[in-house]
Amino acid sequence: MHTRTRRTSLSLLSFALALSLAPRAHATDAQAPDGPRALPGSLPLIPAPAKVERLDGAAFNVRASTPVWASGEAAQRVAGQFTTLLRNSGGPALQITPGRGTHGIAFVLDPSLKTGAEGYQLHSQGNGATVRAATEAGLFYGAATLSQLLSGGSNGVLPALRIDDAPRFSWRGLMLDSARHFQSLDEIKRVLDAMAEQKLNTFHWHLTDDQGWRMEIKRYPKLTAVGSCRIPAGDGGRDPVTGAERPYCGFYTQDQIREVIAYAAARHIQVIPEIDVPGHATAAIAAYPELGTLDTPLKPLSEWGVFPNLFNTEESTFQFLENVLEEVITLFPAKYVHVGGDEAVKDQWEASARVQGRMREVGAGNEMEMQSHLIKRLETFLEQHDRRLIGWDEILEGGLPPEATVMSWRGTDGGLKAASEGHDVVMSPVTDMYMDYLQTPSDNEPPGRPLTTPLGRVYGFEPVPDALARDKQQHILGLQANMFTEHTRSYARLQHNLFPRLAAVAETGWSPRERRDYADFLARLPSQLQRWQAMGVAYAQTPFQVELDSHDDRKAGTATLTLRTPLNYEVRYSTDGSPVTAQSPRYSTPLTQPLPVTLQAATFFNGQPLASAASRFELSATSLLSRNDQQLAMCPGEGKLLLRLEDDGPADGERAIFNVNIFNPCWLWKDADVDGIARLRVRAGQIPYYFQLAHDEPQRTFSPARSAHGEMDVLNGNCDGTPLATVKLPAKPGADGFITLDAALPRSVKGTQDLCVRFTGDTRPTMWVLDTLTLVPR
């Protein structure tokens, strides 16, 4: 049988050693199948500069005594940010000296330079380094580059060089969803710090949605008094002692928002607010029911997906939205205001006689034109207040105001259409730029959408479509990563999802297209990992960990072990219990080992480990008879929506994670060796079904229950037909939230079989999920 084995962790004794970055051979392969290789002359910088020239002459050695010179308030401000960033990145602690000396580091602001709005020049030689720019933003980005050159394992040695650098795109963004899950001010500031270090300049703040309204609006206090609280689903929403409801609440006061804006501005990051209309409006309608189209009271729910609740089309509602935007405009100095416009299911509008009447009043021929009427109304209002409207690509439907900007998320076609029509565009396709998709197939990934968006895919995204006419390409303002947080209830998970992928976004946004090389990026990445460690950025470990596929021969008592790692870094291993070091055997071909065996493995670059812990796999004849849900496939057939879901309890602390098809809960063990197997043992849990899926709802194709509480069926082949075995399900799980079920296999079932385990019955309001499946011998 083939098994992907779940790992445990073993600390690497050598992880604290500095990561180094010696140049490797030239790499031209976009996907770097043979591993990381640095381009000749490459520097350990992310994003890669536009132009680097190596100079003859001695290197500049920076020590704690090296002075930092700056004249003028702005240059001194950047010099202070440089010393802070350098110290926080693991470099030396330097002191600022006003004026200009002949030795040391100098920051020079010179408006006569032709470096552009964000460009800079950096020159270093034996007696010092100088950063020059025409603007404070450019000087800041030069400081960020110099900080990277003096950290990440460089030991403060700066080679003689000249860098002339400027960004490719003016919009280099990250969207953070604070509506689904709330982040503290300190957490947002830490995200902004990491963005600035990577030269990202736009923070798109998703502040309203069905699950919560997070921005204080003075004129409408119930938006936060009511709309900022919800009750988490299942056990997570109850006090474990009293059973009382435990609300999940949070919003930002206007003073706190000003604090975030000022913090971002000091790092040359614009903050773009998003107030979503006409959909994703449940929290607002719960606060002020007159804004909706239904008489049924609403409340913010801990459910995910697409809700049908839309703002109504009354003039009073339009006035409400303008009043909200007026306070938004007062707070946010950025030129753009995001109005959403996505996933607005029109069922309630279609069913409302009043909405249909309003459509006739304003001359809207259909519901999309009614949405367009609203968008145009808000665009006019924003234009009158010296702001520009931006929205998701659905705002193209029904017609678009000429000054509106489109954020293309449903692929790049919407952006191509908008740019071809003369609209500015930010490319943010779900296929490449959504950070809530998993990074790897690893069992150690957090909850999320199990489709993977690996680092290589993020890096390979090109924002300017080849089909876009040359005279329209200037309408592509740039690109943006989106971090929706349905499944991201902790800051640790947020960091895991963002890093290291955000570095790939930053390089695509900044570096010239011809300078981007994935193999070279991977060779530069280890130095950035070291900086993140010093900064306290808990980047994802999974891209740097080792995975194991095993094929066991039960009769021979052996297993063939195949190791793999997502980024093709060098893998070292041990099977004798010794710690994995750079001197351990290098993995190259599958290993055949007698059982039991303990395998440890880790990735290395230039002799240094890349993950904080080695992967440890313990295999025995017994362990290979079990698989967990993450090691099983989903059953074939229609009606699939695969998610990686967290259990609903306990209310605090770690929870179990399940891979499940929420439309048809069924798991598949392909090629199971059932010779000598008497029965299957299944450990299963039960979680709430907390999804609203609008027009996708009919795709739920669960098997109907045949008894009061449904069944667990065991099938073979294509997972339909007559079950091999059936066990009735109880009304609810045990006190620990789980049940164990045994299903006897007919003696006629022999050899290699595809075994399916499914749970029958409607997945609402709760659904059974498989935790482990074990083959029990006779």
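This is a predicted model: local features need pLDDT of at least 70, side-chain atom pairs count only at pLDDT 80 or more; totals for chains, interfaces and linings use all residues.
View 1. A disulfide joins C229 to C249, with an S to S distance of 2.0 Å. The pair links distant parts of the chain, 20 residues apart. C229 sits in strand β16 (residues 229–230), and C249 in strand β17 (residues 248–249). The torsion about the S-S bond is about 120°, so the disulfide is right-handed.

**View 2. The disulfide of C635 and C666.** The sulfur atoms of C635 and C666 are 2.1 Å apart and form a disulfide. C635 lies in the loop between β35 and β36, while C666 belongs to strand β38, 31 residues away. C635 is buried at 5% relative accessibility. C666 is buried at 3%. A torsion of about -65° about the S-S bond makes this disulfide left-handed.

**View 3. The disulfide of C719 and C756.** C719 and C756 are joined by a disulfide, S to S 1.6 Å. The two cysteines are 37 residues apart: C719 in the loop between β41 (711–716) and β42, C756 in strand β44. The S-S torsion is about -55°, so the disulfide is left-handed. C719 counts as buried at 8% relative accessibility, and C756 is buried at 0%. The count for the model comes to three disulfides. With bonded cysteines counted along the chain, their pattern is 1-2, 3-4, 5-6.

**View 4. A five-stranded open sheet.** The strand order is β35-β38-β44-β41-β42, and the pairing is antiparallel. β35 (633–634) and β42 (725–728) are the edge strands, each pairing on one side only. Strands β38 (residues 666–673) and β44 (residues 752–759) pair over six bridges. W667 has V757 in β44 as its bridge partner.

**View 5. Two cis peptide bonds.** Most peptide bonds are trans. The bond from I46 to P47 is cis, with omega near 0°. P47 lies in the loop between β2 (8–11) and β3 (51–54). The bond from G649 to P650 is also cis, with omega near 5°. P650 is placed in the loop between β36 (642–646) and β37 (657–661).

View 6. Most residues other than glycine have a negative phi. K199 has a positive phi of about 65°. K199 is found in the loop between α3 (185–197) and β13 (202–206), and is buried at 1% relative accessible area. H280 has a positive phi near 50°. H280 lies in the loop between β18 (270–277) and α6 (282–287). At 5% relative accessibility, H280 counts as buried.

Conventions
Residues are numbered from 1 along each chain as its sequence is written. Side-chain values use heavy atoms; hydrogens and water are left out. Two strands pair if DSSP finds at least two bridges between them. Helices (H or I, at least four residues) and strands (E, at least two) are DSSP runs, numbered from the N terminus. Buried means under 20% relative accessible area, exposed over 50%, partly exposed in between (1.4 Å probe, protein chains only). A disulfide is a pair of cysteine sulfur atoms within 2.5 Å.
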